[in-house]
Amino acid sequence: MQENHNFILAVEDLTVSFDGFKAVDGLSFYIEPNECRVIIGPNGAGKTTVLDLICGRTRATAGSIDFKGSELTRMREDQIVHAGVGRKFQTPSVYEDLSVFENLEISYPRGHTVLGALTFRRDAEVEARIRDIAETIFLGDMLQERAAILSHGQKQWLEIGMLLIQDPQLMMLDEPVAGMSVAERKKTAELLNRIIRDRAVIVIEHDMGFVADIATRVTVMHQGKRLSEGSMAHVQADPKVVEVYLGH
Ligand code: ADP
Ligand code: MG
């Protein structure tokens, strides 16, 4: 463990083996609060598996994941969410038949209630928060629209909003701009730069222009291991990175 540093997340010697194949192999990295860490690397490098391990969807074979003093490798997925880790998957999974407002509303953390997700009391505080988030994700004018009519990019933003409303201290996004237009990519970079004022973010991404717009630091993965790490300029100039990834 690196001492004297207030990391929000410390991943150390993380390993997962699927039938003997190590998809993640002795990986260590450290995330600071308000950092936007981008993980890049060739297909099959183990990037998505790292997010699966952090959010508890996949169990580690060895190693540790310390999030603000909690050992995530021993926690269930719902406990990890409750501890403040939010994760967005590659394909948007908004509720098409619900409005933008309702999608955000059902994502609002309500604690334990016997009422169904849609019947909880809509108080002024919740509504103000929903409007605030909708502005942030560029959907302030579309609250009453059905999610089905949104563009692919707008659905991605809505799903980011559904995470934001839970106010996670660590947010993880897997290829958030895949399938987006250039204009939508620019707006997503703007959105992420706003989001990291209040939390740390881990993003997996291939679009190097987008990475340059958002990354605090970049971790390059290859064959389950950390190949390189540092600023965008540092990893771009690293011959190992050029050889296995950027040169192609
Ligand atoms: P990346 O996101 O970097 O493209 P992944 O993390 O999705 O890579 O996958 C890394 C490797 O682990 C791949 O070879 C993939 O086939 C394998 N893998 C991922 N999840 C599983 C699993 N649940 N069972 C077996 N193999 C898996
Ligand atoms: Mg992946």
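**Entry 1: the model.** I am working from a predicted model.

**Entry 2: the shell around ligand 1.** I looked up which residues surround ligand 1. They are Phe18, Phe21, Ala23, Pro42, Asn43, Gly44, Ala45, Gly46, Lys47, Thr48 and Thr49. I then sorted this shell by residue class. Five of its residues are nonpolar, five are polar and one is charged.

**Entry 3: polar contacts of ligand 1.** I went through the N and O atoms next. Lys47 has a side-chain N or O atom 2.8 Å from an oxygen atom of ligand 1. For Thr48, a polar side-chain atom lies 2.9 Å from a ligand 1 oxygen atom. Gly46 uses its backbone instead: an N or O atom there is 3.0 Å from an oxygen atom of ligand 1.

**Entry 4: cover and origin of the shell.** I checked how much of ligand 1 the protein covers. On its own, ligand 1 has 560 Å² of accessible area, and the protein covers 57% of that. Two elements each give two or more residues to the shell: strand E2 (21–31) and helix H1 (47–54). H1 gives the largest share, three residues.

**Entry 5: helix H3.** I turned to H3 and asked which of its residues are buried. Val100, Phe101, Asn103, Leu104, Glu105, Ile106 and Ser107 are. H3 spans residues 100–107, and seven of its eight residues are buried, so the rest of the structure largely encloses this helix. I also looked for what covers these buried residues. The cover includes helix H4 (124–136) and helix H5 (152–164).

Conventions. Residues are numbered from 1 along each chain as its sequence is written. Chains are lettered from A and ligands numbered from 1 in the order in which they are written. This is a predicted model: local features need pLDDT of at least 70, side-chain atom pairs count only at pLDDT 80 or more; totals for chains, interfaces and linings use all residues. Side-chain values use heavy atoms; hydrogens and water are left out. Buried means under 20% relative accessible area, exposed over 50%, partly exposed in between (1.4 Å probe, protein chains only). Helices (H or I, at least four residues) and strands (E, at least two) are DSSP runs, numbered from the N terminus. Contact means heavy atoms within 4.5 Å. A residue is near a molecule or strand if one of its heavy atoms lies within 4 Å of it. A polar contact is a pair of N or O atoms within 3.5 Å; within protein, one must be able to donate a hydrogen and the other to accept it, and residues adjacent in sequence count only if both atoms are side-chain atoms. Accessible areas come from the Shrake-Rupley method with a 1.4 Å probe; for residues, only the protein chains shown count as cover. Ala, Val, Leu, Ile, Met, Phe, Trp, Tyr, Cys and Pro count as nonpolar, Asp, Glu, Lys and Arg as charged, and the others, Gly among them, as polar.
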